[in-house]
Amino acid sequence: MSEQVDVVIIGAGAAGLFCAAQAGQAGCSVVVLDNGKKPGRKILMSGGGRCNFTNMYAEPAAYLSNNPHFCKSALARYTQWDFIELVNRHGIPYHEKALGQLFCDNSAEEIVDLLLKECDDGNVRLRMRSEILAVEGNDEGFLIKLAGAEIQAKSLVVASGGLSMPGLGATPFGYKIAEQFGLPVLPTRAGLVPFTLHKPLLEVLQTLSGIAAPVTIATEGGMSFKESLLFTHRGLSGPAVLQLSSYWQPGESVSINLFPELNIDDFLNAERESHPNQSLKNTLAKHLPKRLVECLQTLGKVPELTLKQLSATQQQQLIDTLQQWQIQPNGTEGYRTAEVTLGGVDTKALSSKTMESSQVPGLYFIGEVMDVTGWLGGYNFQWAWSSAWACAQAVIGKSK
Ligand SMILES: Cc1cc2nc3c(=O)[nH]c(=O)nc-3n(C[C@H](O)[C@H](O)[C@H](O)COP(=O)(O)OP(=O)(O)OC[C@H]3O[C@@H](n4cnc5c(N)ncnc54)[C@H](O)[C@@H]3O)c2cc1C
């Protein structure tokens with residue numbers, strides 16, 4: 001005999017736990033299945049261990065999807081302010097780090113504890129280390145087969161996440177379930193991920209490993225971000241690069257403005273007036289890390305001249321180079337270090353109000369498994385909360 005429940009949720013991550021808590025507290029019998037040892041593993045690792053749990057400026061424009069309008073309804077129905085209110089209710093101290101990004105003051109563990117307490121209040125049963133052998137649709141809903149057990153559920157919620165960080169338990173399970181039930185899955189790729197560089201450039205820039213600079217960085221398509229760029233021993237990282245990586249297509253160059261705030265022409269003219277014999281290198285080092293200027297010289301981007309030797313044409317060329325430094329990444333570091341997965345279950349096959357499949361009643365997809373991906377800065381967790389909440393309302397309605 002199989003155990004009978006209202007809802008089975010696959011995945012004890014951000015979206016799965018939040019959905020389980022809402023449905024459980026409304027009286028549904030809920031079982032959460034996860035193949036890992038611990039719930040919320042990505043939450044624990046997130047935000048450098050402090051979990052950037054939402055963003056005060058969360059809005060649909062900060063999400064990538066083949067179907068850009070899809071996320072609007074869920075984000076409007078369960079907003080960042082709703083989650084902030086929940087965090088306040090649990091007495092978790094937090095702060096805004098930058099650009100509306102809210103982080104725990106202490107530890108990401110507090111967000112996992114919040115979710116587990118909420119699940120407890122809803123009598124949710126968590127079954128960790130569960131290997132799901134098969135899922136079958138039937139007249140009563142779905143039969144989930146585990147080693148030595150079967151669970152019959154009226155609704156099945158797939159919250160198994162994307163492919164990023166296989167070391168933290170990521171699997172393609174959700175995509176396989178979607179395909180099994182005939183839902184389209186859009187091609188996936190790593191997002192919010194560092195760029196790797198081709199060898200000759202890497203060898204020069206590697207010497208800058210650990211150095212950061214504020215920049216504006218843009219794709220060929222014109223998407224740009226003004227944040228910090230970090231040189232690493234493998235290539236380029238930092239918030240500016242992670243953000244842009246979600247919009248970058250293989251083979252494209254990126255354009256870097258090393259002086260996003262300063263009028264370089266005015267600056268060079270003023271410096272020439274007061275220090276005509278000053279080297280260009282020392283002049284630029286007043287605004288850029290000195291080693292970066294040295295690398296730019298090695299790459300032939302900054303001439304070895306004094307300010308008075310620099311002709312008007314050379315000055316204009318230099319300005320163009322420093323404001324539009326073209327770099328062609330070799331690729332990205334891939335899923336191993338990516339924070340998110342772009343693509344996934346095609347939202348065209350889902351209801352934006354409930355996250356339910358339009359073809360398979362009772363089958364829901366929430367969180368990162370679907371083709372909705374946020375910017376860096378708490379947007380991805382907000383999508384997990386908002387999509388989970390929308391789904392929970394529908395599941396609750398069905399169980400009554
Ligand atoms: C290092 C890192 C830091 C991040 N920091 C932030 C941040 O600060 N702010 C932010 O907004 N976003 C951040 N993100 C992104 C964020 O973690 C994800 O977008 C979010 O966790 C997605 O939630 P989810 O519930 O959809 O998936 P997940 O949280 O990934 O949960 C999926 C769950 O499904 C389980 N699972 C997978 N396959 C199976 C299977 N076959 N059977 C059973 N269970 C399965 C997994 O074990 C996991 O518990 C970060 C990501 C990473 C990798």
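Of the 37 residues around the ligand, which come nearest? They are Gly11, Gly13, Ser46, Gly161 and Gly367, where a residue is near a molecule if its C-beta atom, placed from the backbone, lies within 6 Å of it. Before going on, please note that this is a predicted model, in which local features need pLDDT of at least 70, side-chain atom pairs count only at pLDDT 80 or more, and totals for chains, interfaces and linings use all residues. Residues are numbered from 1 along each chain as its sequence is written.

Let us stay with the ligand. The shell around it has 16 nonpolar, 16 polar and five charged residues. Here Ala, Val, Leu, Ile, Met, Phe, Trp, Tyr, Cys and Pro count as nonpolar, Asp, Glu, Lys and Arg as charged, and the others, Gly among them, as polar. At least two shell residues each come from α1 (14–25), α2 (41–45) and α13 (379–399), and α13 gives the largest share, four residues. Helices (H or I, at least four residues) and strands (E, at least two) are DSSP runs, numbered from the N terminus.

Now to the strands, which pair if DSSP finds at least two bridges between them. Strand β8 (residues 132–138) runs antiparallel to β9 (residues 141–146), with six bridges joining them and a hairpin of two residues linking one to the other. Across this pair, Val135 stands opposite Ile144. On to β10 (residues 149–158): five bridges join this strand to β9, again antiparallel, and Phe142 stands opposite Ala153. In the hairpin of β9 and β10, Gly148 takes a positive phi near 75°.
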